[in-house]
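Colleague: I would like to learn how to read the features of a model, one at a time. Please give me the general idea before each case.

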Amino acid sequence: MDKPNPRPATAPPDVAAEVPVGALLAADSPRTVQVDESHAQALAHSGRTLPPLLVHRPTMRIIDGTHRLRAAVLRGQDTVHVTYFDGSAEDAFVLSVEANISHGLPLTHTERTAAALRILRSHPDWSDRGIARRTGLAGKTVGALRRREVPGPAPPGRVGQDGRVRPADPVRGREEAARLLAGRPTASLRQIAREAGIAPSTVRDVRRRIGAGADPVPAAQRRAGTTPAPAPPRGPARVRGQPLPALVTSLCKDPLLRLSDAGRLLLRMLDLQVSGLRQWERIVAAIPPYRVETAAAAAAQCARDWQELSEELRRRASAPPLPEPASPASTGLRPGRPQL
């Protein structure tokens, strides 16, 4: 049972075989009391034909049908009909739990919790909801049990009920999608989703959030996760000493800036600044003498505005992240190169 499916891969065959009662071993059951004698007596005296037992063929251990076996013995039978399961012992236990919560004598909450803990240890890559469905517990209960009772590193992904592998930490899945979008902004949603291990709809939301200038991970999800917010990427140690053309060229290579309208506006402003610096002497010579003072005042004001923008960016880099808006508007922009 490598991957849980809507119809479990552990489904037993329909063909039944007749075996001696003495050939069968006691069940590896989640029950604390293996046989409820009153329940077995009720089955024995019901007078109806009982369904075949489910047996693990490699060990001949009962998976489902302990009370039916006891009822057959009470009826004086020497043989019983069984169907076989050929998987692993761990998967046989899972099948036993599934069978015991779907029919027969119900499992107690304590027995279902103990069964879920055992499955968490034998199948750590299964999703909380997948294990919850098999044990009759809530997904949140299984998740709390995993965090409290199963120490050690978590697997990078978990197999869902549909057989798909998804990241164990949704925060990391979104961050991986953001990284892939930064490197390949024109890639399809399905391609990014496949590589990041998340749903295409999640990739669409990550792209929308980036376009709106927001964190690709919602604040509530990041607080609930274990992955800390990524630190802003550090630039070169001597970034302030680099010439403006080199700095602008570096910014123009960042796809995340090109994904947002405001980012493209900044790139165009900086590119225009670089173009102006390359024609400095021509610009000075073109200004009429009676406009020199006005042009100088405008240039000084631009310098002060740029300085304020620089200081605001530095404050943002050193401050903790602000709470994100309740419903950020989507820009609807399509990724592409800025028109510089």
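Modeller: We begin with aromatic rings. A pair of aromatic rings is described by the distance of the centres and the angle of the planes. Rings of Phe, Tyr and Trp (its six-membered ring) pair if their centres lie within 6.5 Å; planes under 30 degrees apart are stacked, over 60 edge-to-face, and the rest tilted. Searching the whole structure gives zero aromatic pairs.

Colleague: What kind of model is this, and how are its residues numbered?

Modeller: The model is predicted: local features need pLDDT of at least 70 and side-chain atom pairs count only at pLDDT 80 or more, while totals for chains, interfaces and linings use all residues. Residues are numbered from 1 along each chain as its sequence is written, and side-chain values use heavy atoms, with hydrogens and water left out.

Colleague: Which charged residue lies over the face of Phe93?

Modeller: A charge sits over a ring if NZ of Lys or CZ of Arg is within 6 Å of the ring centre and within 35 degrees of the ring normal. Over the face of Phe93 lies Arg118, 3.8 Å from the ring centre. Likewise, Arg134 has its charged end over the ring of Trp126, at 4.7 Å from the centre.

Colleague: How many helices and strands does the chain have?

Modeller: Helices (H or I, at least four residues) and strands (E, at least two) are DSSP runs, numbered from the N terminus. There are 15 helices and six strands in the chain.

Colleague: What is the order of the strands in the open sheet?

Modeller: Strands of a sheet pair through backbone hydrogen bonds, either parallel or antiparallel. Two strands count as paired if DSSP finds at least two bridges between them. Here four strands form an open sheet in the order S1-S4-S2-S3, and the pairing is mixed. Strand S1 (17-20) and strand S3 (61-64) are the edge strands, each pairing on one side only. From one strand to the next, the twist averages 55 degrees; axes are lines fitted to C-alpha atoms, for helices over the stretch in contact, and angles run from 0 to 180 degrees between N-to-C directions.

Colleague: Which pairs are parallel and which antiparallel?

Modeller: Take the neighbours in turn. S1 pairs with strand S4 (residues 79-85) in the antiparallel sense over four bridges, and Pro20 faces Thr79 in S4. S2 and S4 are parallel, also with four bridges; there His56 is opposite Phe85. S2 and S3 run antiparallel and are joined by three bridges. On S3, Asp64 is opposite Leu54 and Arg61 is opposite His56.

Colleague: Are the faces of S2 covered or open?

Modeller: Buried means under 20% relative accessible area, exposed over 50%, and partly exposed in between (1.4 Å probe, protein chains only). Both faces of S2 are covered, with Leu53 and Val55 buried on one side and Leu54 and His56 buried on the other. Across strand S2 (53-56), S3 and S4 lies helix H2 (residues 66-74), at about 115 degrees to S3. Helix H3 (residues 89-102) lies across S2, S3 and S4 as well, at about 40 degrees to S3.

Colleague: Where does Ala99 lie?

Modeller: Ala99 is in helix H3 and is buried, with a relative accessible area of 10%.

Colleague: What does Ala193 touch?

Modeller: Contact means heavy atoms within 4.5 Å. Leaving aside residues up to four places away in sequence, Ala193 touches Ile198, Ala199, Pro200 and Val203. Ala193 is part of helix H8 (residues 189-196) and is buried at 5% relative accessible area.

Colleague: What share of the chain is buried?

Modeller: Of the 340 residues in the chain, 33% are buried.
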